[in-house]
Amino acid sequence: MKSSSIVLRFVSAALLTGAAAFVPVMAQSGPAFKTLNTAQPSGSGDKVEVMEFFAYSCPHCAEMEPMVEKWVKTLPANVAFVRVPVAFNAAMQPMQQLYYSLEALDKLDLHPKVFNAIHQEGKKLFTKAAIIDWVASQGIDKAAFTSAFDSFGVTAKVKRAAEMTDTYAIEGTPSFAIGGKYVTSPGMTGDYASSITQAQKLLDQVLAEKK
């Protein structure tokens, strides 16, 4: 183990009723970010994309959510922030559908509440039935949500999320992809705050290169 710095590596360590969670363990030191071999095009037109790869079952994503929300509010108009729900196994797919269904119904104000429901209230929102019951308790029409949940559009976005997870070689959550070129995470930088600091540095670099 190198002594220059200590970083975290995300490993599969627990199951939340069938949904894998990733928790950090001590690992050997390494770079604070990685560079993709092939830069990926932006899916947001001329805007630089910042992607957050997350999982609702991930306690670290839940812990970071307020920090990420605060950071997003500081991003300039030429930057697009895109959340990508990750499924490391088939049991996690309903949570991907949950996110994209909320997006389709313009109900992403419930995004932080999902984390709170799972990690603070102990609700097991890992199946379609449990998810539908919970969103109904939040005032969303069951029929409308179910239609979105099972829709072609949501299914296509879930498939795309899986492709992006592979393309960016995401091994743990949360992770951040910057400008289609770089990936960083608390597992690389050592803690939550430093991962956002590193992501901002990479973003500043990408934006400077575009000028």
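**Aromatic core and open sheet**

Both F54 and Y56 are buried. They belong to a predicted model, in which 9 aromatic pairs are found. This briefing covers the aromatic residues, then the sheet and the helices packed against it.

**Aromatic residues**

- F54 and Y56 pair edge-to-face, with 5.2 Å centre to centre and 75° between the planes.
- Y56 also pairs edge-to-face with F115, at 5.0 Å centre to centre and 65° between the planes.
- The pair of Y56 and F115 links distant parts of the chain, as the two residues are 59 residues apart: Y56 lies in the loop between β4 (48-54) and α1 (59-72), and F115 lies in helix α3 (residues 111-119).
- F115, like Y56, is buried.
- One aromatic cluster is formed by F54, Y56, Y99, Y100 and F115.

**Sheet**

- An open sheet of 5 strands has the order β3-β7-β6-β4-β5, with mixed pairing.
- β3 (34-35) and β5 (79-85) are at the edges and have a single partner strand each, so one side of each is left without a neighbour in the sheet.
- Strands β6 (residues 175-178) and β7 (residues 182-184) run antiparallel and are joined by 3 bridges.
- I178 has Y182, in β7, as its bridge partner.

**Helices on the sheet**

- Helix α1 lies across β4, β5 and β6, and runs at about 165° to β5.
- Helix α2 (residues 93-104) packs on the sheet and touches β4 and β5; the direction of α2 makes about 145° with that of β5.

Terms used: Residues numbered from 1 in each chain as written. Predicted model: local features only at pLDDT ≥ 70, side-chain atom pairs only at ≥ 80, totals over all residues. Heavy atoms only, no water. Phe/Tyr/Trp six-rings, centres within 6.5 Å; stacked < 30°, edge-to-face > 60°. Buried < 20%, exposed > 50% of the residue type's maximum accessible area, 1.4 Å probe, protein only. Helix = DSSP H or I, 4+ residues; strand = E, 2+ residues; numbered from the N terminus. Pairing = 2+ DSSP bridges. Contact = heavy atoms within 4.5 Å. Axes fitted to C-alpha atoms, helices over the stretch in contact; angles between N-to-C directions.
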